[in-house]
Amino acid sequence: MDDPAATAHPPNPACVVNCAVYAKDGTRRNITLDAISEVLAHDDGSFVWIGLYEPDDTILEKLQEEFGLHDLAIEDAHTAHQRPKVEAYGNSLFLVASTAQVVEQKIAYGETHVFLGPRYLVTVRHGASLSYAPARARVEREPDMLALGPSYGLYAVLDAIVDDYLPIVAEFKATLLALEKDIIGESFERAIVTRLYDLKRELTYMRVNVAPMQDVLSQLVRSSSPLVPEEVRLYLRDVLDHSVRVNETVDVLRDMLGTALSVNQALVTQAQGEVVKKLAGWAALLAAPTLITSWYGMNFVHMPELHGRYSYVVLIGAVAAVVGLLYAYLKKVRWL
Amino acid sequence: MDDPAATAHPPNPACVVNCAVYAKDGTRRNITLDAISEVLAHDDGSFVWIGLYEPDDTILEKLQEEFGLHDLAIEDAHTAHQRPKVEAYGNSLFLVASTAQVVEQKIAYGETHVFLGPRYLVTVRHGASLSYAPARARVEREPDMLALGPSYGLYAVLDAIVDDYLPIVAEFKATLLALEKDIIGESFERAIVTRLYDLKRELTYMRVNVAPMQDVLSQLVRSSSPLVPEEVRLYLRDVLDHSVRVNETVDVLRDMLGTALSVNQALVTQAQGEVVKKLAGWAALLAAPTLITSWYGMNFVHMPELHGRYSYVVLIGAVAAVVGLLYAYLKKVRWL
Amino acid sequence: MDDPAATAHPPNPACVVNCAVYAKDGTRRNITLDAISEVLAHDDGSFVWIGLYEPDDTILEKLQEEFGLHDLAIEDAHTAHQRPKVEAYGNSLFLVASTAQVVEQKIAYGETHVFLGPRYLVTVRHGASLSYAPARARVEREPDMLALGPSYGLYAVLDAIVDDYLPIVAEFKATLLALEKDIIGESFERAIVTRLYDLKRELTYMRVNVAPMQDVLSQLVRSSSPLVPEEVRLYLRDVLDHSVRVNETVDVLRDMLGTALSVNQALVTQAQGEVVKKLAGWAALLAAPTLITSWYGMNFVHMPELHGRYSYVVLIGAVAAVVGLLYAYLKKVRWL
Amino acid sequence: MDDPAATAHPPNPACVVNCAVYAKDGTRRNITLDAISEVLAHDDGSFVWIGLYEPDDTILEKLQEEFGLHDLAIEDAHTAHQRPKVEAYGNSLFLVASTAQVVEQKIAYGETHVFLGPRYLVTVRHGASLSYAPARARVEREPDMLALGPSYGLYAVLDAIVDDYLPIVAEFKATLLALEKDIIGESFERAIVTRLYDLKRELTYMRVNVAPMQDVLSQLVRSSSPLVPEEVRLYLRDVLDHSVRVNETVDVLRDMLGTALSVNQALVTQAQGEVVKKLAGWAALLAAPTLITSWYGMNFVHMPELHGRYSYVVLIGAVAAVVGLLYAYLKKVRWL
Amino acid sequence: MDDPAATAHPPNPACVVNCAVYAKDGTRRNITLDAISEVLAHDDGSFVWIGLYEPDDTILEKLQEEFGLHDLAIEDAHTAHQRPKVEAYGNSLFLVASTAQVVEQKIAYGETHVFLGPRYLVTVRHGASLSYAPARARVEREPDMLALGPSYGLYAVLDAIVDDYLPIVAEFKATLLALEKDIIGESFERAIVTRLYDLKRELTYMRVNVAPMQDVLSQLVRSSSPLVPEEVRLYLRDVLDHSVRVNETVDVLRDMLGTALSVNQALVTQAQGEVVKKLAGWAALLAAPTLITSWYGMNFVHMPELHGRYSYVVLIGAVAAVVGLLYAYLKKVRWL
């Protein structure tokens, strides 16, 4: 392992973000891909942790050969269109996790594929996802935990993935809160409804991505695979708990969103009723003087009122009185 | 245990609400945190019960050391953003319970974290929750039950937590009842709909908090942990039952609320239909005389009616008759 | 057992509806509460059946002492706010059943608590419920079944409780049927909607009460308790079946009710559409002659039509023709 | 068994549709009820198959005695108000199946009760159901299957019952299809909504009847009762599959029906919007000339326009132009 | 097996798309149906793969005889109206899969029935489905996998079937996206609602077909049948995953569709409210001058305004001012 020739290997290609071997005491040593076989040759309790970002086929083929990965898992890792799942292939695990990240004010989803074996951990990131460098750094500060094997690295990665959902869910909450205020406010703009719809879509896609993550974590926690020691399972249980919380919040938001749509509809209907009432009220208010003026527009020869000296003044008073009383009445019954 | 030096320890900090040791016969003796190790040194059937309120890190670290608590549980106890859960760490249990309290006419939720070991019970309150002093006092009046160990104290705390939900649920019931009356009543104010929405939100948050409490209690009742003796489980079953009842009531209220929203919408629509009908009725009532007066406003030279001596009087009678008959008819068909 | 002193005991208080001992051959003998201990002293295959109605504390305490009932069960039996459940305490069962009765045209719910032991059956009625005297009488006519022990008495009581639900459910069905007719009928009164809401509430409360009854019965049927012999379980299975049927009917009614509300809303909307159409139709019918009369009300000096000898007659004909044709057209396109 | 006295028994009453013994080789021989005990006396692999239609009590009591049927099963068979279920009584099965038949263009439901024992099969039809004669005839053409015992007869009966649902479900499908066409078509008659409601009710009752049939069949297929040999279970699995298909179709129809109701509501709302738009359009079209004519009906002394020689002709042209332009505009923006 | 007489058999009928024997080394040899018995006579690790398209009865009978297929399975294979299922008959499996294909811009569903035995694989296509020739060709390029037996062929067929769903689901997604744009756009045509309904129907039928496919695949993956070796199960797990993904997408689309319908309804209601508001606004704008002109149409003898030299000019100015101010006001409060 301390072979000086290790540094003689060609440097790792760009898609290899990280490639290191962790000794039994938790210390780290960077190696090249070609040095892996030498490391694996001696079972001294160390393990290899490789981080890839959208690797090309040759890298994956190389790793398949080194670690004896299954054809199907490698095929899945090539094409990033899997739903979160965990699958056992002999004494190794293949895991697909869904990642989320806000890119240019939009939520972009990615996938991380993980190969976990007794002496290796390979993470393959596809599409939108934050780097796992902080997770790795955090883990390296706990060498006694790293001594538990590669599954503790898996925990760190999954913990980072689920934690990345939290700010997005918080953003959803804030969006709904703002929408609720707009709904209850006076203006009923079309935009409120379309924003509700957009939020619903976002939440639905979120749910499709996070809900199976919960299954994956639950399977890991309950699995009896020797790859994941009891102590690490306690940590994974914690991640499972966070994912349950994320799911719960998404479900609550979806539920409230449906009610918000109904409430908006109810308030719009009510506001329209007010419009119709006002329309009716003003029509009534104008109909009365119109009938009166129309009445005295008749051309009967014998209409004594028309000839009175003060008829017109009386009429003005009468119309004013009728309109005034009607206005007061309509105000009282709240039709104006 | 009767070490006179016990009183020599520094006094407990303010966040330690209570710290006592309960002897096998149920008698209580207050101690300082520093005296705990002395108590635990002799396994004489006694146990320590500590009540904390939003403790600082040093206290938690001290307790972790004294009782050998797990890192993850302590980490959870620091940050109060857990959902209700019960988790086994070796031969101890870590439990998160959701508490609710009405603070300034609003429902505030808090968390209580409990560490239960063979010889200790630690409760850590965060945020809104009533004191557990009454629960503790009640338990101290039953020394034979306390002799069952710290789990009976756990029962008392959980019982108090679930009982604190009851007045809130009763308040929800009263709110819905009041809303129902308003819905069926005559006025259709916007406020009804927004109050329905507020209640829906309150119920949804309540459900998110109480539903997992039911799971927690159910797990405790069905668990085979030696920490919770058979006899105490009968008592926990009772608390479980209360939590089921709370959940059931919340679900019923949510269900009725949805229907209430539909019914309100239906009644508003119907009321608007009445408005339109009335609008149409009055329009018809006024259209008839308007047409007549407009008719006799025509300027044809040869309109014999205009010249008759009693034409105008006849017209007045005719208009009165038309309006009267139309009014009667519209009243009959309920358009007025 | 045939102790002549038995009659020397003080008479039973009023809340003790019934207190009898059933011998192995099914024959019955009334006893006082104080005679119970004598009966239990000899295990001759007989059992005691006590029926209480809202007993005071002293009676319950006495029974607790006689039969060795658990504190928690006695506490539950005091306060009648339990949901249906069945709980094992050592070799006895405590059971809470929900009862329903129509009191003054309203459905009132009550509770019956049952203590079942190897040699005793205690039923405690709270609130609205019919007497179990008929059930007891029926059972007494089947001495060979009574020989199976107190659980057959339990069957008789549960059978009576579930059967009491049937007329209420039938009433619900009739109410929905009447509402359906009103919905499809012509009048759209507010009362229909509020009656739908009332029915929904009744059904919801019914469901909260009956659904857990099904669980209770199901647990009894599947339990392996020696208190309920195989043969009696066949009878309880029959009661379970009835409770399933009640639940099913309630669910169907709730489902249909939701649809009825939607249908009512749809028909009201449609009827309003008809009103608006009629309103528009009549407005159009009147607008035409109004425009014509307004036209000839103009004061142009040179309007040749105004001066013709038969102008007015022609106008009358023209207006009649326009209105007639318009009326025919509007009738044809169903706007009138 | 070949006892010549067999024919000496009194003839079977009318409610006994069929009573025959099937020998081990599948051959059939009609017998009277009184001859049953003779047949059962020799266990030669034969079995008795009795078909009853709404039998009176004496017949059922006779059969109970002959086959040793359980009291509860007989009680159920008397009163035809059971939900589909299968119950084991010792080494016999009691089964309730729900039957459906179109009677006078309405769906009528009935019940068939089946007693299955090692050497007998009794079917009791209540209410609407088609005769099982065809099923029996079909079975008799397969003597090698009949040799499997009475359970193959049970299969034939259940197969017939489930197949009788198929034309009804097909009819439901056709009804929904017709309704869909009407909904999308132009007319929005009240009848569409009420027919949707009727279909919903029919489907709901259908579901209540067929869904537990699926459970019954599933229990039979998965049961380990020696009464139903492995080979017959393959056939029952086929019937189960048909019942699943019926249930699935009913669920799909219910789902589509709900959407159809929403869509109808949406289209009605939209059509009403069109009516309102047209109403507004025509009102606008008429308001313009009315304002103009009203204008020139004013009695100002100095209105130069009134005195012009060609004023009236110009006015006619102006009104025509205004109306024409307005009409073109309103057509363009689709308000007419 | 290398019998030269094999070629002497009559050629296969048209409904036999393919009939070949695969040797243990994966090499293929076409044979006629009549040669099957010769092949099966020697158990040399080879298996027969037959592809049929809507075969007539004689072919199925022949295969039943050759492979000893069960009557019920053959009966199912005749009539293509089965739901997806997998059934074990002795040491063989019978499987029904649902296939989908776009035919003339409509989705047509078909069925594929599969008989899987230790040494044979028979696929029977009914109705719409793409040929399995590509699947077969792909498999033949992997002779080491074919050596696993006929179940690998089954995998290839099921993989092809599920993959054929993907473009249809993608099309659904595109349709919903287009509808969403139309809904949010300005025009509210009836066609949008009917297209939503059509999509809902398509999705519902899709779901009925694909959901049980998932069960079928899940049963295969979890089954312990020796017909499907462990290695092949890994491949079937991959197909299962694809089917889960298809189902999930269909469910998401159905969910969004429901919301889209609500949103469309909300936007239509809102747009109608705008129409009513505009109607009311224009009515108010015209009512004012109409009242004024009607006023000065009155025939009072003493109306000083009528006689003023500039009265008419003033009136014109007044009307213009009123209309202008009203217009400005109505614009401001957004009623115009």
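## A salt bridge between chains A and B

The side chains of Asp241(A) and Lys85(B) meet in a salt bridge, at 3.5 Å from N to O, where the term stands for a side-chain nitrogen of Lys or Arg within 4 Å of a carboxyl oxygen of Asp or Glu. Across the interface of chain A and chain B there are seven salt bridges.

This is a predicted model, in which local features need pLDDT of at least 70 and side-chain atom pairs count only at pLDDT 80 or more, while totals for chains, interfaces and linings use all residues. Residues are numbered from 1 along each chain as its sequence is written, chains are lettered from A in the order in which they are written, and side-chain values use heavy atoms, with hydrogens and water left out.

## The contact of chains A and B

The contact (heavy atoms within 4.5 Å) takes 47 residues from chain A and 54 residues from chain B. The area buried between the two chains, meaning the accessible area (1.4 Å probe) that two parts lose on being put together, summed over both, is about 4,600 Å², and carbon and sulfur atoms give 61% of it. On the side of chain A, Gln270(A), Phe300(A) and His302(A) lose the most area to chain B, together 15% of what that side buries.

## Aromatic pairs

Over all chains, a search of the whole structure finds 53 aromatic pairs, that is, rings of Phe, Tyr and Trp (its six-membered ring) with centres within 6.5 Å, counted as stacked if the planes are under 30 degrees apart, as edge-to-face if over 60, and as tilted for the rest. The rings of Tyr22(C) and Trp49(C) have centres 5.8 Å apart and planes at 45°, so this pair is tilted. Both Tyr22(C) and Trp49(C) are buried, a word used for under 20% relative accessible area, with exposed over 50% and partly exposed in between (1.4 Å probe, protein chains only).

A tilted pair is also formed by Phe300(C) and Tyr312(D), with 6.1 Å from centre to centre and 45° between the planes, and both Phe300(C) and Tyr312(D) are buried. In chains A and B, Trp295(A), Phe300(A), Tyr296(B) and Tyr312(B) form one aromatic cluster.

## Charges over rings

Arg237(A) lies over the face of Tyr89(B), at 4.9 Å from the ring centre, under a rule that asks for NZ of Lys or CZ of Arg within 6 Å of the ring centre and within 35 degrees of the ring normal. Within chain B, Arg125(B) lies over the face of Tyr132(B), at 5.7 Å from the ring centre.
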